[in-house]
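Open your viewer and get your selection tool ready. Here is a short tour, one stop at a time.

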Amino acid sequence: MEEIIEYLKNRQGEMLELVEDLVKMESPSQEPILTSQIAEYLTICFTKMTEGTYTRISSDEYTDHIRAEWGTGEEQLLILTHFDTVWPQGTIEEMPFYVEDGKAYGPGTFDMKAGIVQALFAIQAIHELNIHLNKKIVLLMTSDEELGSPTSKEAIMEEAEKSSHVFVMEPPLGENGALKTARKGVGTFDVSVTGVSSHAGIEPEKGASAITELAEQITYLSSLTDLVKGTSVNVGIIDGGSSKNVVAEEAHAVVDVRVQTQEEMDRVVPLIEALSPQDDEVKIEVTGEIYRPPLERTDEIEALFDQASVLSKKYLGFELEEESTGGGSDANFTAELAPTLDGLGAVGDGAHASHEHVIIEEMPKRSALLAMLLVTCGQSK
Ligand SMILES: [Zn+2]
């Protein structure tokens, strides 16, 4: 283990250079020309650094995802990364890459280009140090995570099913870099209300207001929130009506739903789907779903976290922390299929914010933590 740490600490400069390269290659999810350039570059890096192989997984709408593989073995360990960012093309002009006080700033540094770099170097360390594993390592690099992984979800779940463990390179939480051992499930629902329009001054009695109905439904939806159980139902957007003197025919709401447990998901979702109008002249249509199920902290996840925590204490000299978060990631898809540890990416701050950065000297340490987990899990039966 010590040689892994030594190897990676000596590569801090190279790691930073690769982060800079990747950040300068802008990669908003919806710009396939840009994302295909970074995907291409990452395949070159991977093959050069690890002598591994890769295949492309086609994504109809976005850029192909990359499935990179190193080593041999019937079983596999899975590492999840995504190379898309939320930052539109041209952001790099106003928010350039720079280094100050031991931190590297720039769009996508923290979420999650430095995380990809840590994963690449972790595999390189195992490769160059000739450490034998009984399992192969599969590194998925996807192009649409920030959109909810619409075209990569299937491949992610398929690979997770074949894996003994899944490691997710999303950033950890807070300045101590806590791993994420629980994540809420996330869903979006659209509520469309259709009423009967009429002139509000001349014949209001002939109308049935979609807005009044929606107002009732909003109060009901909000009442489904149960913060103690980690459930929130937030009506985030509303619109409706055509003119102040018309009884509204249409009204519409977009609802964000977060649930901490499967039990709460099973309670709340049917209630939302079954919304029924107070006014029988009005119709309600609900569409949407929980697109990322909750990641619950299972015994297997706890055991994997404990393993990481022993390694970090013994070899890296720090106490690893764990937290739960309301945000979803690809870990939500895999936790049911294989023990999953999330938040193994770069320590820093400011995901999706203008002060986005990573702490440079933490990069080799977190890369070493991943490498040690790969070795421990890869050498076990
Ligand atoms: Zn991310």
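Predicted model: local features only at pLDDT ≥ 70, side-chain atom pairs only at ≥ 80, totals over all residues.

Stop 1: Colour residues 2-183 together with 295-379 as domain 1. The centres of domain 1 and domain 2 are 38 Å apart, taken over C-alpha atoms. Now look at where they meet. There, 13 residues of domain 1 touch 8 residues of domain 2. About 730 Å² is buried between the two domains, with 42% of that area on carbon and sulfur atoms.

**Stop 2: helix α3.** Select residues 32-50. How far apart should the ends of this helix be? At 1.5 Å a residue, its 19 residues should span 27 Å. The end C-alpha atoms lie 26 Å apart, which agrees. Next, show side chains. The buried residues of α3 include L34, I38, L42, F46 and M49. Among the elements covering the buried residues are α2 (12-24), β1 (53-57) and α5 (109-128).

**Stop 3: a pair of rings.** The structure has 1 aromatic pair. Select Y98 and Y105: their ring centres are 4.7 Å apart and their planes at 5 degrees, so the pair is stacked. Planes under 30 degrees apart count as stacked. Y98 is partly exposed, at 37%.

**Stop 4: a charge over a ring.** Finish at Y7 and R11. R11 lies over the face of Y7, 3.7 Å from the ring centre.

Technical notes
Residues numbered from 1 in each chain as written. Heavy atoms only, no water. Helix = DSSP H or I, 4+ residues; strand = E, 2+ residues; numbered from the N terminus. Expected span 1.5 Å × (residues − 1). Buried < 20%, exposed > 50% of the residue type's maximum accessible area, 1.4 Å probe, protein only. Contact = heavy atoms within 4.5 Å. Phe/Tyr/Trp six-rings, centres within 6.5 Å; stacked < 30°, edge-to-face > 60°. Lys NZ or Arg CZ within 6 Å of the ring centre and 35° of its normal. Domains from an automatic or database assignment. Buried area = accessible area lost by both parts, 1.4 Å probe.
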